[in-house]
Amino acid sequence: MLPLRRYITMEEVQKKRILSGIQPSGDLTLGSYLGAIKNWAALAEEYDCYYMLADMHTITVRQTPADLRRRTLTQLAAYIACGLDPEKNVLFIQSHVPAHAQLGWVLDCYTMFGELSRMTQFKDKSAKNADNINAGLFTYPALMAADILLYQVDLVPVGGDQKQHVEICRDIATRFNGIYGDVFKLPKPYIPKVGARVMSLTSPENKMSKSDKDQNGCVYMLERPEDILRKFKKAVTDSEACVRFDPAQKPGVSNLMQIYSVCTGKTFDAIETEFEGRGYGDFKSAVGEAVVETLRPIREETEHILADKAYLEGIYRTGAERAAYVAGKTLRKVYKKVGFVER
Ligand code: TRP
């Protein structure tokens with residue numbers, strides 16, 4: 001006879017774990033919100049979530065120290081204002097958890113020069129910062145692999161541009177596990193279906209980026225309403241004067257539709273009907289208004305949180321402790337495996 005009961009496996013008891021991070025290398029954009037953080041907030045019930053401020057990655061490009069500090073704290077406040085509940089999510093600053101640097105070094109020794117040379121982001125960034133092609137910029141993927149592998153995560157929510165980094169992380173983990181046994185869990189990239197890629201308002205072929213030189217292409221999460229409206233009024237469209245979703249032929253209009261749809265919950269069909277026979281002027285103003293209303297409560301809440309230094313300090317201290325506990329376990333295992341003497 002078959003046994004009536006079977007044991008529940010650990011996987012069924014434990015929630016799947018997620019980790020992601022954003023570099024505080026510039027002010028957060030509408031794209032960071034709609035494309036990433038907004039989705040993160042919805043994952044807390046189903047997953048065990050870790051969200052990091054990747055300040056160590058940020059110094060691969062030269063920074064003004066006071067700006068980096070300010071942006072890191074603002075970004076943390078914005079995470080919370082966007083709905084990442086610090087009780088339900090572990091929110092922490094990368095440099096506060098030394099295990100990242102420690103595992104990063106070990107993984108440097110299991111990452112090949114050739115693999116790093118092929119990374120698209122390295123090639124792009126060295127072209128953009130030709131006067132500062134430092135070793136950190138080159139080994140950036142090994143540190144990112146450490147970020148992920150320390151937490152034994154299942155999924156890494158990232159934009160398409162970061163997929164290659166999750167792939168190299170899997171390669172590094174596979175190589176390490178091949179030598180020492182199953183030390184690291186192999187993570188998968190998790191590219192959310194909704195939320196979309198928000199493109200630049202002035203060059204809609206490119207992703208809206210916080211490092212964009214063209215200030216009019218990018219809307220910041222904490223920007224003043226009048227500036228947001230002005231940028232949307234100037235957004236690039238086309239000469240057809242018809243609101244229709246067609247990313248290949250009409251990248252500007254399609255990007256605006258996408259933004260409008262995420263901010264209002266309206267479908268593309270409904271949006272096409274709403275603006276039938278009306279000019280782009282009306283449409284662009286409507287999108288601008290919708291974005292202003294979406295961002296208003298976030299901006300107000302971010303300012304509110306930032307004003308309470310003690311609260312914010314409590315959040316990042318607790319976050320670092322919770323993160324360090326999990327990360328420490330993996331690091332100790334790794335140190336033992338590679339043959340370091342236990343202290
Ligand atoms: N490289 C990521 C970016 O620039 C930021 C990042 C650093 C990250 N460490 C990470 C993202 C770990 C996901 C997981 O967007």
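Predicted model: local features only at pLDDT ≥ 70, side-chain atom pairs only at ≥ 80, totals over all residues.
Trainee: Which residues of helix H5 are buried?

Mentor: Burial here means under 20% relative accessible area. In H5, which spans residues 99–108, the buried residues are Ala99, His100, Leu103, Gly104, Val106 and Leu107. Seen down the axis of H5, these buried residues fall within an arc of 165°, so they line one face of the helix.

Trainee: What covers the buried residues of H5?

Mentor: The cover includes strands E2 (47–53) and E3 (89–93), together with helices H8 (135–149), H9 (163–180) and H14 (309–338).

Trainee: How many residues of E3 are buried, and which way do they point?

Mentor: Five of the five residues of E3 are buried, so this strand is largely enclosed by the rest of the structure. Asn89, Leu91 and Ile93 point one way from E3, whereas Val90 and Phe92 point the other way. E3 runs parallel to E2, to which five bridges join it, and Leu91 in E3 has Tyr51 standing opposite.

Trainee: Which residues come nearest to the ligand?

Mentor: Of the 14 residues around the ligand, those that come nearest are Gln23, Tyr140, Met144, Asp147 and Gln162. To find polar contacts, look for pairs of N or O atoms within 3.5 Å. An oxygen atom of the ligand is 3.1 Å from a side-chain N or O atom of Gln23, while a ligand nitrogen atom is 2.7 Å from a side-chain N or O atom of Asp147. A polar side-chain atom of Gln162 lies 2.9 Å from a nitrogen atom of the ligand. Of the 370 Å² of accessible area that the ligand has on its own, the protein covers 90%.

Trainee: Which element gives the most to the shell around the ligand?

Mentor: H8 gives the most, with four residues; strand E1 (16–22) and H8 are the elements that give two or more residues to this shell.

How values were computed:
Residues numbered from 1 in each chain as written. Heavy atoms only, no water. Buried < 20%, exposed > 50% of the residue type's maximum accessible area, 1.4 Å probe, protein only. Arc of directions from axis to C-beta. Contact = heavy atoms within 4.5 Å. Pairing = 2+ DSSP bridges. Near = heavy atom within 4 Å. Polar contact = N/O pair within 3.5 Å; in protein donor to acceptor, adjacent residues only side chain to side chain. Areas by Shrake-Rupley, 256 points an atom, 1.4 Å probe, with all protein chains shown as cover.
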